[in-house]
Amino acid sequence: MIHTLSKTLAAALFVTLVGGFSVHAGSPVFVGTQVSSHLSMDRIDHSRWDSLLRKYVDTNGRVNYKALKASSSDVQMLNQYLRQLSVASPSAPASTDATLAFWINAYNAVTVHGILREYPTTSIRNHTAKLWGYNLWKDLQLYVGGKPYSLEQIEHEVLRKMDEPRIHFAIVCASIGCPRLLNEAYVADRVQQQLELNTKDFFARTQNFQYDEGQNRIQLSAILSWFAEDFGRNQAAVLQRIAPWLPSDAARNAALQNTATVSYLQYDWNLNAQ
């Protein structure tokens with residue numbers, strides 16, 4: 001009796017309110033919709049997301065969450081966009097570029113939606129419980145083609161398997177340490193240029209990359225430590241891979257020669273809010 005009561009009380013303690021909804025610890029929160037008709041990702045229109053990004057995200061990737069949350073019509077537009085993503089079929093034939101654009105946009109839109117549910121907040125890490133409780137990366141799940149995908153699944157099971165390391169400079173976890181959130185939607189006919197643009201922007205920012213020529217020292221974003229295997233099998237390969245994106249000839253040469261001391265910068269988990 002006491003043991004049963006304790007379990008009941010414990011369960012009750014782990015019930016949290018997420019965006020106005022009662023959510024048990026670790027239970028999924030679904031966005032989008034389950035639909036029976038599924039389209040190729042080539043046919044998904046990202047114009048709603050593009051409109052929201054242009055309105056609420058500045059050139060540094062900072063988001064005006066306060067203003068967005070205050071606009072019921074634009075919150076509804078975001079919800080409509082998420083439902084639009086749901087009609088895509090991961091198994092339907094689609095171009096690589098359309099698939100890349102789809103999943104990058106999906107990751108970023110779900111993240112913004114997740115932050116809006118919690119806002120005001122200071123960091124996504126306030127909502128990523130490790131042991132029990134709601135974890136935005138795991139429990140917020142978007143229906144795509146009738147199947148729910150968490151942010152972790154989109155990143156690790158979909159995008160990282162596409163063998164395109166620049167996705168790490170396009171998907172944004174709502175933190176200052178992340179790459180900037182591009183203030184336009186990724187689209188199939190320009191996604192390669194958009195990825196290249198945002199990757200070069202990432203390394204041009206001192207919060208992500210620093211090179212001290214006098215000490216021959218390279219400091220990289222922690223992203224290059226966490227996902228090093230996506231860039232190469234060892235330090236030399238990683239530095240060779242990122243060299244074309246570095247902001248100066250001296251930094252590029254140091255990377256190509258693999259003679260510099262490499263360390264990693266502290267990651268800033270504070271919210272990427274304006």
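Predicted model: local features only at pLDDT ≥ 70, side-chain atom pairs only at ≥ 80, totals over all residues.
Helices α5 (residues 96–118) and α7 pack at an angle of about 160 degrees, and their axes lie 10 Å apart. Here the axes are lines fitted to C-alpha atoms, for helices over the stretch in contact, with angles running from 0 to 180 degrees between N-to-C directions. Residues are numbered from 1 along each chain as its sequence is written, and side-chain values use heavy atoms, with hydrogens and water left out.

So how do α5 and α7 run relative to each other? They are roughly antiparallel, going by a scheme in which angles under 35 degrees count as roughly parallel, over 145 as roughly antiparallel, 65 to 115 as roughly perpendicular and the rest as oblique. Their crossing is left-handed, a label used if the near helix is turned anticlockwise from the far one by less than a right angle, with right-handed kept for clockwise. On the α5 side, Leu100, Trp103, Ile104, Tyr107, Val110 and Thr111 meet Leu151, Ile154, Glu155, Val158 and Leu159 of α7, where contact means heavy atoms within 4.5 Å. Sorted by class, this contact has 9 nonpolar, 1 polar and 1 charged residues. For that sorting, Ala, Val, Leu, Ile, Met, Phe, Trp, Tyr, Cys and Pro count as nonpolar, Asp, Glu, Lys and Arg as charged, and the others, Gly among them, as polar.

Not counting residues up to four places away in sequence, Thr111 touches Ile124, Leu151, Val172, Cys173 and Ala174. Ala174 sits in the loop between α7 and α8 and is also buried, with a relative accessible area of 2%. The phi angle of Ala174 is near 65 degrees, a positive value in a residue other than glycine.

Asp163 is found in the loop between α7 and α8, and its phi is near 60 degrees, again positive in a residue other than glycine. Is Asp163 buried or exposed? At 67% relative accessibility, Asp163 counts as exposed. Another backbone feature turns up at Tyr119 and Pro120, which are joined by a cis peptide bond with omega at about 5 degrees. Pro120 belongs to the loop between α5 and α6.

Next come the charged pairs. Side chains of opposite charge can pair when their charged atoms come close. The structure holds 12 salt bridges, each being a side-chain nitrogen of Lys or Arg within 4 Å of a carboxyl oxygen of Asp or Glu. One of them joins the side chains of Lys138 and Glu152, at 3.1 Å from N to O. This pair links distant parts of the chain, with Lys138 in helix α6 (residues 136–139) and Glu152 in helix α7, 14 residues apart. From C-alpha to C-alpha, Glu152 and Lys138 are 6.0 Å apart in space. Lys138 is partly exposed, with a relative accessible area of 41%, and Glu152 is partly exposed too, at 27%. Leaving aside neighbours within four places in sequence, Glu152 is in contact with Trp137, Lys138 and Glu157.

A salt bridge also forms between Arg160 and Asp230, at 2.7 Å from N to O. Here the partners are 70 residues apart: Arg160 is in the loop between α7 and α8 (191–204), and Asp230 in the loop between α9 (223–226) and α10 (235–242). Arg160 counts as partly exposed, at 22% relative accessibility.

Within helix α2 (residues 47–56), Arg54 and Asp50 lie 4 residues apart, about one turn of the helix. These two form a salt bridge, with the closest N and O atoms 2.7 Å apart. Arg54 counts as partly exposed at 49% relative accessibility, whereas Asp50 counts as buried at 17%.

Technical notes. Helix = DSSP H or I, 4+ residues; strand = E, 2+ residues; numbered from the N terminus. Buried < 20%, exposed > 50% of the residue type's maximum accessible area, 1.4 Å probe, protein only.
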